[in-house]
Amino acid sequence: WPQNAQGWMNSLLYYMLETSVLSATPEKFSLKSLVAYLSGSENFIATEDKKTKKVTSDFHQALENLPLTHYSRVQLPQQATVQQHGTFKNNVCIALAIFSGGAGKITSLNNIDMEELVEGKNPIALFLTIPDTETTYNIVVNTMIEQIYQLAAAKADDNKSKKLNRGLRFLLDEFANIPKIKDIGAKVSVCLGRNISFTFIIQNK
């Protein structure tokens with residue numbers, strides 16, 4: 001179920017970005033605008049075609065105009081029922097509900113040059129500060145760390161040396177209290193070879 005819901009959202013995101021369904025440039029496209037579009041649109045109300053017995057909706061019909069190999073069509077769960085498609089939408093709306101508020105405002109704009117942060121000529125320090133009594137913005141911190149790491153790993157792999165030209169260090173203070181980072185063990189085990197390192201600070205009392 002989570003995988004199918006993820007596929008459903010991926011299908012929608014790529015379709016919206018490529019067709020400018022929100023009449024917005026990629027720079028203005030955000031999870032906040034996505035949540036608003038999902039919540040107020042009837043394009044995703046699925047029904048069953050009486051002749052073909054296949055699930056259909058305005059969104060499904062729009063995808064029919066794309067090549068069979070298009071990422072949006074490949075990602076959409078093909079065997080799901082009408083009820084399941086409705087559940088996918090509801091699950092996505094619930095998961096992204098946080099972006100309809102303060103987290104959505106924070107992630108709607110970006111003034112951080114990620115390329116410069118990862119491999120610019122000048123050293124840069126980026127501080128992410130979150131209160132230990134409020135978990136609302138945890139997903140923002142997790143997403144930022146994940147994006148920086150994935151971009152850094154890709155940049156390292158593109159280099160002939162398979163390393164970043166300038167070292168990248170994640171200094172994670174109060175590591176036991178920050179949001180859980182996806183696959184942190186795997187990241188730590190392979191990062192040094194890419195000139196990326198993690199430092200964890202944990203209080204023992």
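Predicted model: local features only at pLDDT ≥ 70, side-chain atom pairs only at ≥ 80, totals over all residues.
**Salt bridges**

- A salt bridge here is a side-chain nitrogen of Lys or Arg within 4 Å of a carboxyl oxygen of Asp or Glu.
- Lys155 and Glu115 form one of these bridges, at 2.6 Å from N to O. Lys155 sits in helix H8 (residues 138–158) and Glu115 in helix H7 (residues 114–119), so the bridge ties together parts that are 40 residues apart in sequence. Helices (H or I, at least four residues) and strands (E, at least two) are DSSP runs, numbered from the N terminus.
- Lys155 is partly exposed at 23% relative accessibility, and Glu115 is partly exposed at 42%. On this scale, buried means under 20% relative accessible area, exposed means over 50%, and partly exposed lies in between (1.4 Å probe, protein chains only).
- Glu146 pairs with Lys187, their closest N and O atoms being 3.0 Å apart. With Glu146 in helix H8 and Lys187 in helix H9, the bridge ties together parts that are 41 residues apart in sequence. Lys187 is buried, its relative accessible area being 5%.
- Arg194 and Asp157 make a salt bridge at 3.2 Å, N to O. Arg194 belongs to the loop between H9 and E4, while Asp157 belongs to helix H8, so parts that are 37 residues apart in sequence are tied together. Asp157 is partly exposed, at 32% relative accessible area.

**Aromatic pairs**

- Rings of Phe, Tyr and Trp (its six-membered ring) pair if their centres lie within 6.5 Å; planes under 30 degrees apart count as stacked, over 60 as edge-to-face and the rest as tilted. This rule gives 4 aromatic pairs.
- Phe170 and Phe198 are stacked, because their ring centres are 4.7 Å apart and their planes lie at 10°. Phe170 is in strand E3 (residues 168–172) and Phe198 in strand E4 (residues 196–200), so this pair links distant parts of the chain, 28 residues apart.
- Phe170 is buried at 7% relative accessibility, and Phe198 is buried at 13%.
- Phe175 and Phe200 form a tilted pair, with 4.4 Å from centre to centre and 50° between the planes. Phe175 lies in the loop between E3 and helix H9 (184–191) and Phe200 in strand E4, so parts 25 residues apart in sequence are tied together.
- Phe175 is partly exposed, with a relative accessible area of 23%, and Phe200 is partly exposed at 31%.
- Which residues do ring pairs link into a cluster? They are Tyr149, Phe170, Phe175, Phe198 and Phe200.

**Asn159 and its surroundings**

- Asn159 is in the loop between H8 and E3, and counts as buried at 16% relative accessibility.
- The side chains of Asn159 and Glu119 are joined by a polar contact of 3.2 Å. Such a contact is a pair of N or O atoms within 3.5 Å; within protein, one must be able to donate a hydrogen and the other to accept it, and residues adjacent in sequence count only if both atoms are side-chain atoms.
- Leaving aside residues up to four places away in sequence, Asn159 touches Glu119, Leu164 and Asn165, where contact means heavy atoms within 4.5 Å.

Terms used. Residues numbered from 1 in each chain as written. Heavy atoms only, no water.
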